[in-house]
Amino acid sequence: MSVAELLATHSSAELTEWMAYEQITGPIGGEREDILTAILAATVANTARGKRGRKARVQDFLPKWDRHKRASWQDMLATIRQINSALGGTDKTGGGDGGGDAGRTAGRDRHGHRRSRRRRAGGG
């Protein structure tokens, strides 16, 4: 799938959720590939080591995902809002600044339409 196809078929909110998920769990693809790759790397390292070298273990080659302190849900939400904003998304949760207008661009209504400064003729 090309980047253009990805952007045409997935919303900013969905991409933001996947980015957050991947930051916590590691690359999408599963732990099994990590283990299989670590087994292969340990095997190669052990065949290449000298007779006196330390024997490599599978654990030596396993990535350690999510080494950071577990964040509170408020910290995670703040991070998601930062990523969403950086990607040009809008916050439709109604949270954020406490004013109920979180993520809205100045001069735009809740649907993203420009607000008019002048009333239309006919009372509209």
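Is Arg81 buried, partly exposed or exposed? Arg81 is partly exposed, at a relative accessible area of 26%. Here, buried means under 20% relative accessible area, exposed means over 50%, and partly exposed lies in between (1.4 Å probe, protein chains only).

## The model and its confidence

This is a predicted model, in which local features need pLDDT of at least 70, side-chain atom pairs count only at pLDDT 80 or more, and totals for chains, interfaces and linings use all residues. Residues are numbered from 1 along each chain as its sequence is written, and side-chain values use heavy atoms, with hydrogens and water left out.

The term pLDDT is the predictor's confidence in each residue, from 0 to 100. The chain averages 77. A pLDDT of at least 70 is reached by 69% of the residues. Confidence is highest in α1, at a mean of 90, and lowest in α2, at 86. Over residues 98-104, pLDDT stays under 50. The model has 10 contacts beyond four places in sequence for that stretch. A contact means heavy atoms within 4.5 Å.

## The overall fold

The chain has four helices and zero strands. Its pattern along the sequence is α-α-α-α. Helices (H or I, at least four residues) and strands (E, at least two) are DSSP runs, numbered from the N terminus.

Of the 124 residues in the chain, 10% are buried. Take the contacts with a separation of 6 or more: 36% of them join residues 24 or more positions apart.

Helix α2 covers residues 12-25. How far apart are its end C-alpha atoms? They are 20 Å apart, which agrees with the 20 Å that its 14 residues should span at 1.5 Å a residue. The expected span is 1.5 Å times one less than the number of residues. After the helix comes Gly26, with a positive phi near 95°.

Which residues of α2 are buried? They are Leu15, Thr16 and Ala20. Seen down the axis of α2, these buried residues fall within an arc of 140°, so they line one face of the helix. The arc is that of the directions from the helix axis to the C-beta atoms. What covers the buried residues includes α1 (3-9) and α4 (73-86).

Thr16 sits in α2. Its relative accessible area is 2%, so Thr16 is buried. A polar atom of its side chain lies 2.7 Å from the backbone oxygen of Ser12. Not counting residues up to four places away in sequence, Thr16 touches Ile80, Ile83, Asn84 and Leu87.

Now look from the other side of one of those contacts. Asn84 belongs to helix α4. Asn84 is buried too, because its relative accessible area is 11%. Beyond four places in sequence, Asn84 is in contact with Ser12, Thr16, Gly89, Thr90 and Asp91.

## Salt bridges

Side chains of opposite charge can pair when their charged atoms come close. A salt bridge is a side-chain nitrogen of Lys or Arg within 4 Å of a carboxyl oxygen of Asp or Glu. By this rule there are three salt bridges.

One joins Asp91 and Arg81, at 2.5 Å from N to O. This pair links distant parts of the chain: Arg81 is in helix α4, and Asp91 is in the segment after α4, 10 residues apart. Asp91 is buried, at a relative accessible area of 13%, whereas Arg81 is partly exposed, at 26%. Elsewhere, shared partners join Arg54, Arg57 and Asp60 into one network of salt bridges. Asp60 pairs with Arg54 at 3.2 Å, N to O. Asp60 also pairs with Arg57, with the closest N and O atoms 3.2 Å apart. Asp60 is partly exposed at 32% relative accessibility. Arg57 is partly exposed at 46%, but Arg54 is exposed, at 60%.

## Met76, a link across the sequence

Met76 is another residue of helix α4. At 37% relative accessibility, Met76 is partly exposed. Leaving aside neighbours within four places in sequence, Met76 is in contact with Ile24 and Ala71. How many residues separate Met76 and Ile24 in sequence? They are 52 residues apart. In space, their C-alpha atoms are 10.0 Å apart.

Terms used: A polar contact is a pair of N or O atoms within 3.5 Å; within protein, one must be able to donate a hydrogen and the other to accept it, and residues adjacent in sequence count only if both atoms are side-chain atoms.
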